[in-house]
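Subject: Structure handover

Hello,

Here is the structure for you to look through. Please open it first and then read the notes under it.

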Amino acid sequence: MIFYSDLHLHSKYSRACSKNIDLNNLAYWAKIKGLNLLATGDFTHPLWFAEIKEKLVDNGFGFFRLENSKDNFYFLLSCEISLIFSYQGEVKRVHLILLLPDLASVEKLNKKLANYTNLMSDGRPTLGLSLIDFSKLVLDINERAIIIPAHIWTPWFSLFGSMSGFDSLDEAFGEYKKYIYAVETGLSSDPPMNWRLSQLDGLQIVSFSDS
């Protein structure tokens, strides 16, 4: 089966997002746009996670479908995380896309993250953890977690951002670099631009649209 997907989007609980963004509407409009796999977004938000648990059914392989749905349309459990932290006297601001394979892992992660921030405040929570500390926290919960640096060239809030990012994956993730399998182009770059950077060789270059 071929998947046409968007794995970076948000729910009605994220700032500046429509209050009509629920799981049913996401699926309805995604199908019109030719998609058959969506990220749930925002699984750290308690109210959204409650809706995910209520309305989605696990197929046993990390894919979820709406309850009572019989078509081949699926969701993946996802969220975007904003990390703001100090590194060698500078303030770093990096956004990450996080995918987890099961509800139990999300539940464990949310309990951990609640110690660092108010998860009710925004669908995209802000944490004061470094990339290394956050990666360790997530991978200790489930080593199948997928961490994707988001919109990596945006000047603010990105891995290579000129105003608050890093110069290398090694510097940013340390020993956890080996768990980074993909980076997201965002609107600030395209695949050919990323192919020019040798440290991204071997990584998947992905682009999502907030569909």
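**Salt bridges and helix packing**

Asp122 is buried, with a relative accessible area of 7% (buried means under 20%, exposed over 50%, and partly exposed in between, using a 1.4 Å probe and protein chains only). This is a predicted model, in which local features need pLDDT of at least 70, side-chain atom pairs count only at pLDDT 80 or more, and totals for chains, interfaces and linings use all residues. Residues are numbered from 1 along each chain as its sequence is written, and side-chain values use heavy atoms, with hydrogens and water left out.

What does the side chain of Asp122 meet in a salt bridge? The partner is Arg15, at 3.7 Å from N to O. A salt bridge here is a side-chain nitrogen of Lys or Arg within 4 Å of a carboxyl oxygen of Asp or Glu. Arg15 lies in the loop between β1 (5-6) and α1 (23-32), and Asp122 in the loop between α3 and β7 (126-127), so the pair ties together parts that are 107 residues apart in sequence. Helices (H or I, at least four residues) and strands (E, at least two) are DSSP runs, numbered from the N terminus. Arg15 counts as exposed, at 61% relative accessibility.

A search of the whole structure finds nine salt bridges. Another of them joins Glu107 and Lys53, at 3.5 Å from N to O. Glu107 is in helix α3 and Lys53 in helix α2, 54 residues apart, so this pair also links distant parts of the chain. Both count as partly exposed: Glu107 has 33% relative accessibility and Lys53 has 39%.

Lys136 forms a salt bridge with Asp140, and the closest N and O atoms are 2.7 Å apart. Both residues lie in helix α4 (residues 131-141), four residues apart, about one turn of the helix. Lys136 is partly exposed, at 40%, whereas Asp140 is exposed, at 54%. Elsewhere, salt bridges that share partners join Lys12, Glu51 and Lys55 into one network.

Next, the helix pairs. Two packed helices are described by the angle between their axes and the distance between the axes. Axes are lines fitted to C-alpha atoms, for helices over the stretch in contact, and angles run from 0 to 180 degrees between N-to-C directions.

The axes of α2 (residues 46-55) and α3 (residues 103-113) come within 12 Å and cross at roughly 165 degrees. That makes α2 roughly antiparallel to α3 (angles under 35 degrees count as roughly parallel, over 145 as roughly antiparallel, 65 to 115 as roughly perpendicular and the rest as oblique). The contact (heavy atoms within 4.5 Å) is made by Phe49, Ile52 and Lys53 of α2 and Leu103, Val106, Glu107 and Asn110 of α3.

α3 and α4 pack at about 145 degrees, with their axes 9 Å apart. In this contact, Ser105, Lys108, Leu109, Lys112 and Leu113 of α3 meet Phe134, Leu137, Val138 and Ile141 of α4.

How are α1 and α2 oriented to each other? Their axes come within 10 Å and cross at roughly 70 degrees, and the two helices are therefore roughly perpendicular to each other. Leu23, Asn24 and Leu26 of α1 make the contact with Trp48, Glu51, Ile52 and Lys55 of α2.

Regards
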